[in-house]
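This report goes through a structure for a reader who has not seen it before. The sequence and the coordinates come next, followed by the text.

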Amino acid sequence: MNTLRRFFATPEGAAGAAILGMLVLIALFAPLLFPQDPLSIAGPPLLHPFTDWSLPLGTDRLGRDVLAGIVHGARTSLAVALAAALASIVVGATVGTIASFAGGLVDEALMRLVDAFQTVPGFLLALAFVSIVGPSLAVVVVAIALSAWTGPARIARAEVLSIRERDYVAAARVIGMRPSEIAFREILPNALPPVLALSAIIVASAILIEAALSFLGLGDPNRVTWGGMIAEGRTVLRSAPYLSIIPGIALVLAVLGVYLAGEGIVEATAARRGYT
Amino acid sequence: MPRALILLRRRLLTAIPVLLLVVIGTFFLLEAAGGDAVDAYIASTGGDAGLIEQLRHQWGLDQSAGARLAAYLWALAHLDLGWSVSFSRPIGEVIAERLPNTLLLMGSATALSFGLGSALGIVAGARPGSLRDRALSIGSLALYAVPGFWLGLVLTVIFAVQLRWLPLSGMETIASGKTGLARAADIARHLVLPVAALGFIYLALYLRTMRAAMAEAWRQDFVLAAKARGLLRRRIVLIHVARNALLPLVTVLGVQSAAMLGGSVVIETVFSIPGLGRLAQEAVASRDTPLLLGIILVSAVLVIAINLVVDLVYAMLDPRIGRDPGKLQGFRMRSGYRGKNSGEPA
């Protein structure tokens, strides 16, 4: 509870929480705010922002409501980023725990695998995966997780290495718990906090990768994405630059909100450990 | 043997299994994509069923997956990356043609983000916790939150469309007939916006690393000693604090090389620069999977090579590395590799 209060007391944490809270609300209530399909035509094409108050952010080349696109885009962006971060943390923490707990050849092999995944530029790997399997929301999530799980794996492994020698683990061994039970019920929960500290960076980079994939036309074609809107707007960059600029501002806000919240968490927990 | 050579040999030895895993990974992705090298070749050159059969047999593609993997490895060992359908040329040739442009873009962007980032990092780290420090830290975070392709578009709108100061896209003016210095100046003008878009994003990484390392260095005894000797503050900041904070920056240089290669895909697409990144986008658009995987392999090799150079530079800057085994283990842990007994409490 105290950590939570300290989190909101830091300017970064408060600002990040405000931005993220707003985005989450918008994403959750998107179908209520804009019940119409955001891909449907809402008015005349290329209506500039702030000229018609029923369409405050204007319309795109086909007359689709930009604000509705932004609101529904928040849904896609946040859903993909959270799912990808969750998947990479679960997979990474599991692999890291197995590696350090098994040790020896298993450890060596798993860590070389982590090296291999870190050697390939993450965005290229995601690009290749989506282009081979075909774009859909689930595939984009897996593609992002493919390159993001290595960070949690490394940290979980290092963390478990230091925890497994503690007394309570020895005690668990003495009372006859199975190694897998010790690994996942005694050690992993205690190794998680430093891994979770990484989650802000993972969520932020997931938002950016999803946007870049959609920008290159590899997002889910049946959904509005901010990256896709920017790519759409790019075709009329000279006459209607706002079409590319507005979704970009939404992206920057979302990513910045995540970073700020992450900073806040780091500061709040560092204060608890007395590192200020 | 000089310690640089020992280090080089050790790093090369760990790089081999990693590269092998990457190759096996790309092989499975190729298999998943369907269609083989013969389909690709026939699609671009034409041929009848008889030729297809003959080629499949000749290239060993009618054999088991294991044998095919062996053949794939054998071809790669001879630097043969396969055949590109969309270009009707060997993949190795196409990549070799595009690689220098990407290296030029990446090199310039790295120089920009390293130079400006560490300079601003010194400004921020000179007085940790000051208003200037906080402003720079938050500002760099905001910059780091900007998607590269969007920054590229915004810069284009401002400097190429509105102000018309700089060219819109491309690597150089087409058919301008320029040579020598005039051509170099032309290329430089074309590269200003893409280098800025790519370099500004990663600037934050250097700024924050420099700042954190300087905050750490301020707590060291030698800084206290320098203060006690009554040295000028400027001298303490630059000579004693900043210089000792430079080492972690070198590590960041290696770590972000992979990220920057990925970032160059969208930047090169936005600015139509004929580099490796744009080639990857073209490979996706024309569904040329072997070409895409060839690019991935070359990028992996590039990342390994860059990190190798970074490690050597690191060893050169820090004479403790590679001398006594205790220190070496510390170094290996930092760079992600583990010695036999390190990391485990006794």
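## Domains of chain B

The domain assignment divides chain B into domain 1 (21–91) and domain 2 (92–333); such bounds come from an automatic or database domain assignment. The model is predicted, so local features need pLDDT of at least 70 and side-chain atom pairs count only at pLDDT 80 or more, while totals for chains, interfaces and linings use all residues. Residues are numbered from 1 along each chain as its sequence is written, and chains are lettered from A and ligands numbered from 1 in the order in which they are written.

The C-alpha centres of domain 1 and domain 2 of chain B are 36 Å apart. Their contact involves 19 residues from domain 1 of chain B and 16 residues from domain 2 of chain B; two residues are in contact if their C-beta atoms, placed from the backbone, lie within 7 Å. On the domain 1 side, α1 (3–33), α2 (37–45) and β2 (89–90) of chain B each supply at least two residues, and α1(B) gives the most, with six residues. Helices (H or I, at least four residues) and strands (E, at least two) are DSSP runs, numbered from the N terminus. By class, this side of domain 1 of chain B has 13 nonpolar, four polar and two charged residues. Here Ala, Val, Leu, Ile, Met, Phe, Trp, Tyr, Cys and Pro count as nonpolar, Asp, Glu, Lys and Arg as charged, and the others, Gly among them, as polar.

## Contact between the chains

Between the chains, 39 residues of chain A are in contact with 44 residues of chain B. Helices of chain A that each supply at least two residues to its side include α6 (122–133), α11 (199–215) and α13 (242–273). That side of chain A has 27 nonpolar, six polar and six charged residues.

## Helix α11 of chain B

Helix α11 (residues 276–285) of chain B is largely enclosed by the rest of the structure, because seven of its ten residues are buried. A residue is buried if 20 or more other C-beta atoms lie within 10 Å of its own, exposed if 12 or fewer, and partly exposed in between, with C-beta atoms placed from the backbone. Among the buried residues of α11(B) are Leu276(B), Arg278(B) and Val284(B). Their cover includes α6 of chain A, along with α5 (91–126), α10 (233–270) and α12 (289–317) of chain B.

## Nonpolar core

The largest nonpolar core has 159 residues, and Ala126(A), Ala206(A) and Ile295(B) have the most contacts inside it. Such a core is a set of buried Ala, Val, Leu, Ile, Met, Phe, Trp, Tyr and Cys residues joined through C-beta atoms within 7 Å. Domain 1 and domain 2 of chain B both give residues to this core, so it lies between them. Leaving aside residues up to four places away in sequence, Ala206(A) touches Val80(A), Ala81(A), Ala84(A), Ala85(A), Ile144(A) and Ala148(A).

## Positive phi values

Most residues other than glycine have a negative phi. Leu79(B) has a positive phi near 60° and is placed in the loop between α4 (65–77) and β1 (83–84) of chain B. Leu79(B) counts as exposed because it has 9 C-beta neighbours inside 10 Å.

Ser88(B), in the loop between β1 and β2 of chain B, has a positive phi near 50°. With 13 other C-beta atoms within 10 Å, Ser88(B) is partly exposed. Just after α11(B), Arg287(B) takes a positive phi of about 50°.
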